[in-house]
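The model should be kept in view while reading.

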Amino acid sequence: METITGKTSQAIQDETLLIRRILGGHTELFRQLAGRYAGQVLRMVTSLIPSQEEAEEATQDALLEAFQSLARFDARQASFQTWLMRIAYHTALKHYRQHHNTITVVEVEQQRLDTFPDDETDALLDDTDRVELMERAIETLKPDDQMLLNLYYFDNRPMREIACITEREESYLHSRLQWIRKRLAITIKSLESEESLSEK
């Protein structure tokens, strides 16, 4: 049987046994367990914190918190991988807000979001010639929106897993992603207009 993280039942059982051994006193085995997912944790953190040094620091903070909280891990609620990614998600947001809370969030009127055409949104976001504008637009999103975008579109994680990581309802996340897409499209149009005016 496959889970949403792609693990077989045997792999999950092996991992559960490893966790029991760690909790039973073989704490040195946590390095082995965490090592399986350290790369994923670092990628998630780096999606929000581009500085390699700071991202590695935040990754170590997340792994330390996971080690200290391991006794509270409940395999009935989520896989260890998803549980660890949830810790990494919140650690990255906390680290960002403590050290980089200088983001300029561009507000967009709700009426414009409600009336912006879906086909125009798709066209703007799918245009490979607008990649640089897309990157600039993403930088104007709130940190949690940036990470949601990364988890869904770049990591290709199932919505059920993202809901567990972010501790949000799936229905909310679906709506939020639609909102983010329109907001990005509107921001791209605004950036293009600004560039056109500056060239005149």
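Which exposed residues does the face of α7 turned away from its buried side carry?

1. The model is a predicted one, in which local features need pLDDT of at least 70 and side-chain atom pairs count only at pLDDT 80 or more, while totals for chains, interfaces and linings use all residues. Residues are numbered from 1 along each chain as its sequence is written, and side-chain values use heavy atoms, with hydrogens and water left out.

2. On helix α7 (residues 118–126), the face turned away from the buried side carries Asp 119 and Asp 126, which are exposed (over 50% relative accessible area, with buried meaning under 20% and partly exposed in between, for a 1.4 Å probe and protein chains only). The buried residues of this helix are Thr 121, Leu 124 and Leu 125, and because they cover an arc of only 90° around the axis, they lie on the same side of α7. That arc is taken from the directions from the helix axis to the C-beta atoms, and helices are DSSP runs (H or I, at least four residues) numbered from the N terminus.

3. Phe 30, leaving aside its neighbours within four places in sequence, is in contact with Ile 22, Gly 35, Leu 63, Ala 66, Phe 67, Leu 70 and Phe 80, where contact means heavy atoms within 4.5 Å.

4. Asn 156, in the loop between α9 (143–154) and α10 (159–166), has a positive phi near 55° without being a glycine, and it counts as exposed because its relative accessibility is 59%.

How values were computed: Helix = DSSP H or I, 4+ residues; strand = E, 2+ residues; numbered from the N terminus.
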